[in-house]
Amino acid sequence: MNHWLKVVCGAVFEVMWVIGLKHAATPLAWIGTIIAIYISFHVIIVASRSLPVGTVYAVFVGLGTAGTVASEMIFFGEPFNLAKVLLVILLLLGVVGLKLVTGKHETPEGSES
């Protein structure tokens, strides 16, 4: 799997566990939240073995934040706030810019960088 795809996958599971932390009310929901936390951090740790860790973390947090804000508005009735959306877009532009200036420093999994 592409290492950047692992980061995106980790961010998707981050959105799930953040939502779970707020809305889980049953043992099954808490188990799902814990599994999402494990998967999220596992794929990020695996991806950071081959990618620059600072960039991986920034992309992970940026995508997770954007996904969490969007999920709150779409699924949980959070009122639309233009300023919040513009700030999330600014955050994503910063993440994309960081990814673009980082270049291709991927190292094969298991090798020393």
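I take a contact to mean heavy atoms within 4.5 Å. The model I looked at is a predicted one.

**Entry 1: overall fold**

Read from the N terminus, the order is α-α-α-α. I then looked up contacts between residues at least 6 apart in sequence, and 72% of them join residues at least 24 apart. The protein has 113 residues, of which 32% count as buried. For the accessible surface I noted about 7,100 Å², with 74% of that belonging to carbon and sulfur atoms.

**Entry 2: helix 2**

I checked the length of helix 2, which covers residues 27-48. Its 22 residues should span 32 Å at 1.5 Å a residue, and the end C-alpha atoms are 32 Å apart, so the two values agree.

Next I asked which residues of helix 2 are buried. I listed Thr-33, Ala-36, Ser-40, Val-43, Ile-44, Val-46 and Ala-47. An α-helix has 3.6 residues a turn, so positions three or four places apart point the same way. I also looked up what covers the buried residues of helix 2, and the cover includes helix 1 and helix 3.

**Entry 3: salt bridges**

How many salt bridges are there? I counted two, taking a side-chain nitrogen of Lys or Arg within 4 Å of a carboxyl oxygen of Asp or Glu as the rule.

One of them joins the side chains of Glu-72 and Lys-22, at 3.6 Å from N to O. Glu-72 sits in helix 3 (residues 53-75) and Lys-22 in helix 1 (residues 3-23), so this pair ties together parts that are 50 residues apart in sequence. I looked up the accessibility of each partner. Glu-72 is buried, because its relative accessible area is 12% and the cut-off is under 20%. Lys-22 is exposed, with a relative accessible area of 55%.

Glu-78 also forms a salt bridge, with Lys-84, and here the closest N and O atoms are 3.3 Å apart. I noted a relative accessible area of 30% for Glu-78, which makes this residue partly exposed. Lys-84 likewise counts as partly exposed, at 30% relative accessibility.

**Entry 4: nonpolar surface patch**

Which residues form a nonpolar patch on the surface? I wrote down Phe-80, Leu-82, Leu-86, Ile-89 and Leu-93. Together these side chains' residues have about 540 Å² of accessible area.

How values were computed: Residues numbered from 1 in each chain as written. Predicted model: local features only at pLDDT ≥ 70, side-chain atom pairs only at ≥ 80, totals over all residues. Heavy atoms only, no water. Helix = DSSP H or I, 4+ residues; strand = E, 2+ residues; numbered from the N terminus. Buried < 20%, exposed > 50% of the residue type's maximum accessible area, 1.4 Å probe, protein only. Patch = residues over 30% accessible without salt bridge, like charges linked within 9 Å, V, L, I, M, F, W, Y side chains within 5 Å. Areas by Shrake-Rupley, 256 points an atom, 1.4 Å probe, with all protein chains shown as cover. Expected span 1.5 Å × (residues − 1).
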